[in-house]
There are 2 protein chains.
Amino acid sequence: MRAVAVRRGETTPKVIDVPRPTPESGEALVRTLRVGIDGTDHEVVGGTHGGFPDGAEHQILGHEAVGIVENPNGTRFDAGDLVVPTVRRPTEDGNGYFERDEPDMAPDGAYVERGIVGAHGYMADYFTSYERYLVGVPDDFATHGFLTEPVSNSEKAFEHAYASRSAFEWSPESALVLGNGPLGLLTLSMLVGRDDFDRCYCLGRRDRPNPTIEIIERLGATYVDSRETPLPDVPDAHESIDFIYEATGHAPHAFETVHALAPNGVGALLGIPGDESFEVEGGRIHREMVLENKALLGSVNSNVEQYKAARETLSAFPDWFIDELITGVYDPEEVERAFETGDDVIKTVVEFDTV
Amino acid sequence: MRAVAVRRGETTPKVIDVPRPTPESGEALVRTLRVGIDGTDHEVVGGTHGGFPDGAEHQILGHEAVGIVENPNGTRFDAGDLVVPTVRRPTEDGNGYFERDEPDMAPDGAYVERGIVGAHGYMADYFTSYERYLVGVPDDFATHGFLTEPVSNSEKAFEHAYASRSAFEWSPESALVLGNGPLGLLTLSMLVGRDDFDRCYCLGRRDRPNPTIEIIERLGATYVDSRETPLPDVPDAHESIDFIYEATGHAPHAFETVHALAPNGVGALLGIPGDESFEVEGGRIHREMVLENKALLGSVNSNVEQYKAARETLSAFPDWFIDELITGVYDPEEVERAFETGDDVIKTVVEFDTV
């Protein structure tokens, strides 16, 4: 079967031919429909994040997938069911994080991530998965169900952020997403769809006209150009923000977030920056956190319950939003084009099959 | 009556003579027993934190108090009841934070703090307080009930820290207190008294022999000398820590805490540093927060429920701990000595009266 992989020593994705996987007991065989590409895939291809499966000479890419059960193989699924796989798998049996459905909280070494680190991904004609790592999705998810994975990451971040503010009566009104890439826009759409926030903002650095800015404004949110209004200036230019969601991987944002937060606010960090040192107004950051009860938390990955929440969230997104978000659908053979970036590219996807 | 105050333009506390306050409707009159001194009092005296009441030429100090109800004045208390006052008062009626008993979450401008900013404190023969800001304490609290206030601040910080980890199954085993001043030692004693932590550490920079190190070790905790083992080295020298409580006001600690935390750990910041800029390994801090689900939160002040929790906590402290912690009891006329610091000084208190 076809698989999109990166070979050891190379930094471009290629179509290779690999044997179709055979499901083990407890695993279903899934025929892949679509696999989305995100920043992590670019990092895996470039070799700056993740790692090959042990001993493998290639890594099959892809962790945002939707497919159809081809062979249920005794699992709870029926042939023809639409499913989305989760990303993490345990490195050994008896891993408590996985047993209690908290793979997202497992520490380094206790997991592999399909398509990212230590395990092959879903960018192939078929994949297998244990049924507990498959989430059933509605039939109309064939074209965009792969978005369940990124949305589930934000569901988790929201859950943790709200938990961090649960010891008092928190009534947030404003939200700011840092980054207008696909994860930023998905998260902005989630925030706009919640009743909590009267005012939503999205920070980026693109020139108009740009499709991401059009989406931001059509969602009813305010675009903040960070070249004109850097993050620390947001309170003066707009307002102090109750909830900030960072999806840029730009390390200074983690620190500047503190000042941009309103009293009692929380910042959720999801970007993964490389090593970088810089000066911060450390006394002020520390003092503002204390005197204004501010919180910062990092969040990675997601669990099955958060996938289920994402399934509901995604069902409520307007059709136009998903149409505008997916800017390119490519055959596996066109994968290099699917990895091209540009001002008009938001979310691209590799399509192996249709329903 | 006698009051210990700092006069405008001066930086030493003095005994002055002021009229005995008359309780308004809803207020009780309280005869002061003891008022503790902490780092904030030193900052108020030095002029680096807080501020005088509007138009006042002096500020009466003190926010950690215990006293006896002299005149209940129609409140729920009886004459002779032992009480501890809270610190914050609203700047205007109809303040929702105070109405729902969350004064600790009120933003700057919505509150004054007795003895700290905008209101006179409790370091006087008598004080008055609305009954909702008085917490009844047991009769045996006459000598150490003033510790209810600092302990309540840590109760709040614990509550918020645990809330921030409530979206998953958090099973902390290790705790580290940064700072071996009175708040650090009180907090260490609280942590040791909880079932959650198998191993507790306290970081300071004093030479042996020192009474704080003796207390740390008698509590069964491990003293970490930050001159030999700086905070970032704690994971290698000891272990990564599940819960870190910062009570140093040393701004680099806020950032170094991230690396010292174990995966899924949380750091509570309570110190109040001045302005200071420095270089941080920002990329690494940001990345570790995300990939290891770490949280940092600031915490200030406390509410009545947290005072009540502190009352229970304080009742469970061993007598020897409180005896060793209180290193000096001074008459109001000796207040300058009560403000002296030194390696053998832990917690000093001004005593206005005894039961």
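Biologist: What makes helix α8 (residues 282–291) of chain A enclosed by the rest of the structure?

Modeller: This is a predicted model, in which local features need pLDDT of at least 70 and side-chain atom pairs count only at pLDDT 80 or more, while totals for chains, interfaces and linings use all residues. Residues are numbered from 1 along each chain as its sequence is written, chains are lettered from A and ligands numbered from 1 in the order in which they are written, and side-chain values use heavy atoms, with hydrogens and water left out. Seven of the ten residues of α8 of chain A are buried, so this helix is largely enclosed by the rest of the structure. Buried means under 20% relative accessible area, exposed over 50%, and partly exposed in between (1.4 Å probe, protein chains only). Helices (H or I, at least four residues) and strands (E, at least two) are DSSP runs, numbered from the N terminus.

Biologist: Which residues of α8(A) are the buried ones?

Modeller: They are A:G282, A:G283, A:I285, A:H286, A:E288, A:M289 and A:V290. Just after α8(A), A:N293 takes a positive phi of about 50°.

Biologist: What joins the side chains of A:N180 and A:T212?

Modeller: A polar contact of 3.0 Å joins them. The term denotes a pair of N or O atoms within 3.5 Å; within protein, one must be able to donate a hydrogen and the other to accept it, and residues adjacent in sequence count only if both atoms are side-chain atoms.

Biologist: What relation holds between chain B and chain A?

Modeller: Chain B can be laid on chain A with an RMSD of 0.0 Å by a turn of 180° and a shift of 0.0 Å along the axis. That is the relation of a two-fold axis. Copies are superposed by least squares on the C-alpha atoms of residues with pLDDT of at least 70 in both.

Biologist: How much area do chain B and chain A bury between them?

Modeller: They bury about 4,300 Å², 58% of it on carbon and sulfur atoms. Buried area is the accessible area (1.4 Å probe) that two parts lose on being put together, summed over both. B:H286, B:V290 and B:N293 supply 14% of the area that chain B buries against chain A, more than any other three residues. In this interface, 54 residues of chain B are in contact with 54 residues of chain A.

Biologist: Which residues have the most contacts inside the largest nonpolar core?

Modeller: They are A:F243, A:F321, B:M123, B:F243 and B:F321, in a core of 165 residues. A nonpolar core is a set of buried Ala, Val, Leu, Ile, Met, Phe, Trp, Tyr and Cys residues joined through side-chain atoms within 4.5 Å.

Key: Contact = heavy atoms within 4.5 Å.
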